[in-house]
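Could you walk me through this structure in plain words?

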Amino acid sequence: MTRRHLSATPSRRTVVKAAAATAVAGSVLAATGARAADGPAFLHGVASGDPLPDGILLWTRVTPAPDAGPGSGLGADTPVAWEIAEDRDFTRIAARGTAVARAASDHTVKADVRGLRPATAYWFRFSAGSTVLSPVGRTRTAPAAGAAVPGIRFGVVSCANWEAGWFSPYRHLAARADLDAVLHLGDYIYEYASGSYPTQDTVVRPHAPLHEIRTLADYRLRHATYKTDTDLQALHAAHPVIAIWDDHEFANDAWSGGAENHTPGTEGSWAARVAAAKQAYFEWMPVRASTEGTVYRRLSFGGLAELHLLDLRSFRSEQASIGNGAVDDPGRSITGRAQLDWLKAGLTASDARWKLVGTSVMISPVAFGALPAHLLAPLAELLGLPGEGLAVNVDQWDGYTDDRKELISHLRDHAVTDTVFLTGDIHMAWANDVPVRAATYPLSASAATEFVVTSVTSDNLDDILRAAPGTVSVVAATAVRAANRHVKWIDMDSHGYGVLDVTAERSQMDYYVVSDKTSREATASWVRSYRTRSGTQRIERADAPVR
C-alpha cells in the first residue's frame, strides 16, 4: 500500500525510459564501489531465512564477471561452495556442500541446510573458485518442537522504499544480538518509476532501473539494487529473515487478477508480470522453494509460539468499489478459501501458547467519524479511503468483511486464545484490540490483538503533508481513536521498526523510531511499548521496552 488514485479511473504514471538492464546493472554495481573484477564476486551480500529446529535456508548471489549484472542473463554457470559452522572462525564445521549459480536463476544460490541443532547460533559463508570468499553471515535455528522456551524475540519491519530514504532501521536491528529472527511483513521493494513515489523533488536516491518494473529482468535488477544497500546487507548477515510479500513486490493494490498500478495491453498481461515478479522474488529472497507460488506457511518456535504467515495478494478478489455494499459480499475473499481454511485449522490445532499471524494488511476495523477535509485527503491516500471519507479501507480486511467475520468467529467458537496479528503496510504504528463487534466495543469482547509497525522509509502523514511531527498528526490520530475505541495508540509521524518479545506471560511490541529517514547516520530511539497478557486478548501500555 502506498498512494492511491482517488478518482474512479486511475491515471497512469509517466514511464521514464532508461538504458537496458545490463547497462543499468553496471551503474548500480559501480555506485557501490564493488564491481566484479576478472573473476566471480559476491556483491549483494549473504542471507538466511525460514529457521527450522534442524535447518536454515542460506542465500547469496554470485556475479561471475563484470558484464553479468542482475537481470542481464549473461555470465557462465558458476560452482559455489557453502559451509556453516558453530564458530566465527569456521573451525567447527557443522555442514558444507556445493551448488551452482546459474544464469537461469540470475546467479542466485540457495542451500537448504538440515541436520543442525535446535536453538543454536551458526556462522555461514560461500566461496567461488579457490580464493573468493563471500561475507560471513550469522544465523540461528528455531527451538525444538514443543520445547519449553523462556522467550523469543523478533525484529519487525515493513515498507522500505529505496527512493524515500536510507535503510537505517535495518542497521539498528542488525546491531542487536538478542533477536531470534527478523520478520519482514511486505513491501520489501517498490515497483514505481523513479520520481513517481515519492515525488521527484523528495527522492533521496534513484531507483534502478529508472522505469517502472514489469519484466523479469526489471524485477531482478530492482531486487539487486536493494541488496546493494549496506544496511540491508548487514541485516541479512546478522539475522535470519522471515519474509512475506505485499503489493509492491508486484504492483500497487495487487489482487489475483490485476492491480491498480497495472494497465493490461500497454503494460502486458498481468499473469506474465506476476510470474516475473514471483520468479525474481524467490530467486532473490531467503524463502524456501517449497513455498514457491505463494508465501503462506507456518513456522514453530518450541511450545511458545507458532507463526502463521499469510499471502494476501495471490488469491484475493478485486478491491470493492466504494459505497455499493460489496465489501460485505461473502463471495469475495482476501485470503482465498484454501488459505482461510488452512489458517483456521492451524490456529485450532496449534499447541503453542501464542499464535502469531503475519498479515501484510491491517485486520482491525477502522471507522473515521468526522475529520477536517485537509486531514481526510492525505489519510485517504495512505489508507485507501475514498476522498469523501466513507469508513471503509477496501485494500485491507475492511474491504473483505466476511473473511474477517469468519476468522474472528472461528477464534471465539473454538476458544482460540492468545492470537496476535503482526502487520505492516500503512506507514503508521498502531496498537489495537481486534473486537468481535467494533460498534459495541469495549462492551463486546476482543478476539485477538494487533501490533502494526510503521514504515522503514515509505511516506507517512507528515511526509505527504510536509508537516512537522506532532502537529496535524495529533488531530488526525485523536479523531481516529475517538471513532475506534479498540485502537489504543497510533503514531502517524515516524519511521522505524518494532521488536516483539514473547514470553509465556505476555507478548510485547517495543516501537522504535529513527531520527531522520533521509540521513544515512540516523539514530534510533524507543518511543512506546504495548503488550497483551496471556488469556486477555486485550492491549495495554507497557512503561518500558524489554531489555
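Let's start with how helix packing is described here: an axis is a line fitted to C-alpha atoms, for helices over the stretch in contact, and angles run from 0 to 180 degrees between N-to-C directions. Helices (H or I, at least four residues) and strands (E, at least two) are DSSP runs, numbered from the N terminus. What you have is a predicted model, where local features need pLDDT of at least 70 and side-chain atom pairs count only at pLDDT 80 or more, while totals for chains, interfaces and linings use all residues. Residues are numbered from 1 along each chain as its sequence is written, and side-chain values use heavy atoms, with hydrogens and water left out.

Now find helix α6 (residues 337-349) and helix α8 (residues 401-413): they pack at an angle of about 15°, with their axes 10 Å apart. That is why α6 and α8 are roughly parallel to each other, a label for angles under 35 degrees. The α6 side of the contact (heavy atoms within 4.5 Å) includes Arg-337, Leu-340 and Leu-343, and the α8 side includes Asp-403, Leu-407 and Leu-411. By class, this contact has 5 nonpolar, 2 polar and 5 charged residues; Ala, Val, Leu, Ile, Met, Phe, Trp, Tyr, Cys and Pro count as nonpolar, Asp, Glu, Lys and Arg as charged, and the others, Gly among them, as polar.

Another helix pair is α3 (residues 216-226) and α5 (residues 270-284), whose axes come within 8 Å and cross at roughly 35°. Among the residues making this contact are Leu-216, Tyr-219 and His-223 of α3, along with Ala-276, Ala-280 and Trp-284 of α5. The class count here is 8 nonpolar, 2 polar and 3 charged residues.

Next, the backbone. Ala-208 and Pro-209 are joined by a cis peptide bond, with omega about -5°, and Pro-209 sits in the loop between β10 (181-184) and α3. Tyr-441 and Pro-442 are also joined by a cis peptide bond, with omega about 10°; Pro-442 is in the loop between β18 (429-435) and β19 (446-452). Then there's Ala-119, a residue other than glycine with a positive phi, near 50°. Look for Ala-119 in the loop between β5 (108-113) and β6 (121-128).

Conventions. Angles under 35 degrees count as roughly parallel, over 145 as roughly antiparallel, 65 to 115 as roughly perpendicular and the rest as oblique.
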